[in-house]
Amino acid sequence: MQKYLFTLILYLSFISMVYILVQFMQGSYSFGTENLLGKAIKVLIYFVTILLYVRHMQLVFSKIKSVRLLYSSFFIVVTFLLGIMIVELVSMPNALTFLHSKDTPYWRVRLLTSESSTTGSIIVVYSAILIYLSRHLNRFARTLSHLYVASFFLFYLFVTGSKGFLIVSLLTLVVTMIKFLDFRKKRNFILLFMVIIAMYLFIAYFSAGLIGSFSNDIENYTSSYTRMGTIIIAIATVFHHPFGVGTGAYLMYFDHYLNDAINLMSRLYYNLFGVSQINAGELLQYTGSDKNLGVKSGFFQWVMFGGIFAFVFFYLLAKNLITKVKSSLILFIALIFNLFSLLFVALEIKYEIWLLFAFISLFLGNKDFNPTYTGGLQDENTSSMQ
């Protein structure tokens, strides 16, 4: 994974300089208050930071030889997240506003993040890793750990207002079901049955609220328009520039294809939902502005930066990680969830996702790495657990 990231950084640096040079030759040196070269460097710093973070976390994991210490660390984090969630619920809509950039009322659980749509991956990553590490516990402690994590996850599931989280959860269940369609193994049949039950409960209890929330969003708000519009901008950019436009000049192309995206969405929403006039106010605010200018999707933002090369990066990364998690159901589910999440959330600051990737790469990808000191914990294959 480190090699993939390093190679991507080199390519983005090259293509960024090429497109900045093209803009310079046309007399364009800045967009809004942003210098194109300065913007390219600032965005590239995000990628370098991700690479350094992955290297750092894998180094930390390799230095911790006590599984007990590692398990306890993630247990404390999950407990801390649970505490924050409870505080937010009891003090909503003015929950911990002093820790946010704005003190406006907010009616959803966001766990100190900017918005609720960014919290789902946090819940899934830490829950999955904690369950994976609990395999070193004795049978009774492992059962208690699973119940604790399940309660934590279900609690969040019933209080979250994130439509993206619910949609990604359903997609993850579908993929999991497809993976375990082999009826020749009794264990797979049981898992398949559990997934079908979970899908039924999800559709029965969440579909009405999800559809209602989405309809309300279409009629009264701008988030769905903004997300869809920025994705269309990214697709249009890559269609005309298949090798990407880099991390600096993308500002120019984002503004260039903005009106085309709004016109396309107007036709799309009219044909699908009968909405004759969309509320594109938030998108229109991006016209001529460099503030928070970007695609509301980590995958499409990076593809806009690197074009086909970025797409190949995601393909190789996903293929490599999926191959490694075949031996762990819980990490497979967490990985699939986060890969789907890349379509809905920005990726540059989602360090919990890179934490999961680094964890999988080290613990499941390195056969030579095997923490030997469990600090009193037992491996699930020991005779005492049998």
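Modeller: Phe 299 touches Phe 311, Phe 314, Leu 342 and Leu 343, leaving aside residues up to four places away in sequence; contact here means heavy atoms within 4.5 Å. The model is predicted, so local features need pLDDT of at least 70 and side-chain atom pairs count only at pLDDT 80 or more, while totals for chains, interfaces and linings use all residues. Residues are numbered from 1 along each chain as its sequence is written, and side-chain values use heavy atoms, with hydrogens and water left out.

Phe 299 belongs to helix 12, residues 298–324. Helices are DSSP runs of H or I with at least four residues, strands are runs of E with at least two, and both are numbered from the N terminus. With a relative accessible area of 16%, Phe 299 is buried: the term stands for under 20%, exposed for over 50% and partly exposed for the range in between, using a 1.4 Å probe and protein chains only. Leu 339 is 40 residues from Phe 299 in sequence, and their C-alpha atoms are 9.1 Å apart.

For the chain overall, there are 14 helices and 2 strands, and 48% of the 386 residues are buried. Of the contacts with a separation of 6 or more, 73% are between residues 24 or more positions apart.

The unreviewed UniProt entry lists eight stretches under "transmembrane region", among them 74–96, 116–133, 231–256 and 299–317; its positions follow the numbering used here, feature names are shortened, and annotations may be inferred rather than shown by experiment. Residues 116–133 are 78% helix and 0% strand, with end C-alpha atoms 27 Å apart. Residues 231–256 are 65% helix and 0% strand, and there the end C-alpha atoms lie 14 Å apart.

Next come helix 3 and helix 4. Two packed helices are described by the angle between their axes and the distance between the axes. The axes of helix 3 (residues 67–91) and helix 4 (residues 120–133) come within 9 Å and cross at roughly 145°; each axis is a line fitted to C-alpha atoms over the stretch in contact, and angles run from 0 to 180 degrees between N-to-C directions. On the helix 3 side the contact includes Val 67, Leu 70, Phe 74, Val 78 and Met 85, and on the helix 4 side it includes Ile 122, Tyr 126 and Leu 133. By class, the residues of this contact are 15 nonpolar, no polar and no charged, where Ala, Val, Leu, Ile, Met, Phe, Trp, Tyr, Cys and Pro count as nonpolar, Asp, Glu, Lys and Arg as charged, and the others, Gly among them, as polar.

Ile 76 also lies in helix 3, but counts as exposed at 56% relative accessibility. Its C-alpha atom is 10.0 Å from that of Leu 130, which is 54 residues away along the chain.

At 33% relative accessibility, Leu 112 counts as partly exposed.
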